[in-house]
Amino acid sequence: PYTGPSADEILSKRKEYLSPAMFTLYSKPLNIVDGRMQYLFDDKGRRYLDAFGGIATVCCGHCHPDVVEAIVNQTKRLQHSTILYLNHAIADFAEALANKLPGNLKVVFFTNSGTEANELAMMIARLYTGCHDIISVRNAYHGNASGTMGATAQSIWKFNVIQSGVHHAVNPDPYRGVFGSDGEKYARDVEDLIQFGTSGNIAGFVSEAIQGVGGIIELAPGYLPAVYSTIKKAGGLCIADEVQAGFARTGSHFWGFENHGVVPDIVTMAKGIGNGIPLGAVVTTPEIAAVLTRRSYFNTFGGNPVCTAAGLAVLKVIEKEKLQENALVVGTYLKERLTALKDKYELIGDVRGRGLMLGVELVSDQKLKTPAKLETLHIMDQMKEMGVLVGKGGFYGNVFRITPPLCFTKEDADFLVDAMDHIIARI
Ligand code: PMP
């Protein structure tokens with residue numbers, strides 16, 4: 001049993017010594033002390049079904065024994081920077097990761113986070129093209145350092161950064177967007193941005209395949225292929241931010257961009273790649289990667305032996321336990337059940353997403369699509385009381401983000417939907 005400090009004690013230390021910007025998900029915050037696969041346990045030993053941990057990093061399941069073993073073994077043997085000597089862990093993982101990517105995406109740069117990966121990807125695009133302008137999609141989240149915060153396109157996540165060379169395209173949002181599901185119409189805005197906002201040549205385009213923080217928004221079909229060809233014509237590179245949608249989460253494919261039939265020039269990843277260990281990566285082609293030989297470039301801990309040993313173990317677990325297939329089967333089932341719930345309640349405006357990356361948008365008026373923010377908070381709190389943890393997102397904070405570890409089962413899906421159903425029925 002847990003004998004550490006209580007939730008109240010932790011909260012008061014947090015108030016005194018930690019960032020005042022930190023937030024908690026619940027009105028009565030949870031003190032989580034243990035994790036096992038799709039479950040989390042609080043200080044009283046109460047079990048919660050974790051339907052949000054997938055985004056916070058975990059893809060194989062909390063404390064997956066194979067990943068833990070790889071981390072412990074490597075920690076006992078050696079943990080060091082990668083820049084000084086040879087070590088097999090980084091090379092083995094780079095090879096395994098490159099083998100998961102299509103085309104000539106063969107060169108891996110490791111980082112410690114998704115922000116760092118996107119910063120590096122944008123710098124590479126600028127170096128390779130000699131241009132500065134980058135296009136990102138409105139409602140995107142790409143990180144919180146200066147460049148990536150510039151590329152992030154939601155006021156709630158932006159401070160007063162210099163918007164150096166980033167143009168934000170109309171979001172191809174099938175639910176709220178002006179062109180509905182017509183991806184090609186939205187893509188014309190990217191052409192306009194290039195024609196009217198730049199010299200005609202640009203460094204690149206960056207986008208998620210499914211916007212995560214933005215509220216699980218699947219880009220309208222046809223958008224990415226049209227935009228990729230526009231960007232290529234303008235001499236730019238296409239960057240796929242797979243921090244959330246990658247690593248088997250969408251079920252039908254290993255990478256989110258594959259759902260759109262495109263092949264990017266640069267792919268960035270983090271979160272699920274390390275099953276909870278800080279790790280990120282940028283993968284590109286040998287020709288593009290060569291730009292970084294013009295100067296010295298290194299990252300002290302990017303790709304360190306412990307993190308890359310974890311990364312390799314994650315890839316093996318995904319394969320061994322057929323987690324991509326599971327994401328497809330369980331995700332499809334869960335989406336069907338959530339869609340049935342949408343037909344039952346006026347409060348649910350939209351159910352969307354792929355595999356185990358699903359969103360449920362709550363509105364108080366189906367026609368006006370008025371965000372039901374308070375109801376979202378209430379239901380989330382009540383679901384926690386019933387032992388189910390879901391996330392929240394979207395610009396208006398009215399979308400449930402359901403992104404569990406990929407070991408989630410149909411029984412878990414039933415429990416989640418039954419709990420949601422029970423609570424909505426009582427509103
Ligand atoms: N890209 C996407 C799509 C993300 O969701 C996030 C984090 N929410 C990031 C980049 C930044 O990753 P990190 O927090 O590891 O810096």
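1. Helices here are DSSP runs of H or I with at least four residues, strands are runs of E with at least two, and both are numbered from the N terminus. The model is predicted. Please keep that in mind for every point below.

2. Confidence comes next. The protein chain has a mean pLDDT of 96. Of its residues, 100% reach 70 or more. For the complex, the predictor gives an ipTM of 0.99. The pTM is 0.97.

3. Now the overall shape. The protein chain holds 13 helices and 18 strands. Along its principal axes, the C-alpha trace spans about 60 × 60 × 45 Å. What radius of gyration would a compact globule of 427 residues have? The value would be near 22 Å, and the protein chain has 21 Å, which agrees.

4. Of the 427 residues in the protein chain, 52% are buried. Take the contacts with a separation of 6 or more: 75% of them are between residues 24 or more positions apart.

5. The ligand has a shell of 14 residues. The closest are S113, G114, T115, G143 and V243. Which element gives the largest share of this shell? Helix α5 (residues 114-129) does, with three residues.

6. Helix α4 (residues 88-98) deserves a look in the viewer. Its residues A89, I90, F93, A94 and L97 are buried.

7. What covers the buried residues of α4? The cover includes α3 (65-77), β4 (107-111), β12 (280-284) and α10 (305-320). Strand β4 returns in the next point.

8. V108 is a residue of strand β4. Is V108 buried or exposed? V108 counts as buried because it has 23 C-beta neighbours inside 10 Å, and the cut-off for burial is 20 or more. Setting aside neighbours within four places in sequence, V108 is in contact with A94, L97, A98, A281 and V283. A94 and L97 are among the buried residues of α4. V108 and I266 are 158 residues apart in sequence. In space, C-alpha to C-alpha, V108 and I266 are 9.9 Å apart.

9. Two residues other than glycine have a positive phi and are worth checking by eye. For N139, phi is near 80°. N139 is buried, with 23 other C-beta atoms within 10 Å. For K271, phi is near 50°. Where is K271? K271 lies in the loop between β11 (266-269) and β12. K271 is buried too, with 26 other C-beta atoms within 10 Å.

10. P371 belongs to strand β15 (residues 370-371). P371 is buried, with 22 other C-beta atoms within 10 Å. Which residues does P371 touch, not counting those up to four places away in sequence? They are V363, Y396 and N398. P371 and R138 are 233 residues apart in sequence. C-alpha to C-alpha, P371 and R138 are 18 Å apart in space.

11. Last, S81. This residue lies in the loop between α3 and α4. S81 counts as partly exposed, with 15 C-beta neighbours inside 10 Å. That count falls between the cut-offs, which are 12 or fewer for exposed and 20 or more for buried. Leaving aside neighbours within four places in sequence, S81 is in contact with T300, F301 and N304. S81 and F298 are 217 residues apart in sequence, but 10 Å apart in space, C-alpha to C-alpha.

How values were computed. Residues are numbered from 1 along each chain as its sequence is written. This is a predicted model: local features need pLDDT of at least 70, side-chain atom pairs count only at pLDDT 80 or more; totals for chains, interfaces and linings use all residues. A residue is near a molecule or strand if its C-beta atom, placed from the backbone, lies within 6 Å of it. The radius of gyration is taken over C-alpha atoms; the globule rule is 2.2 Å times the number of residues to the power 0.38. Two residues are in contact if their C-beta atoms, placed from the backbone, lie within 7 Å. pLDDT is the predictor's confidence in each residue, from 0 to 100.
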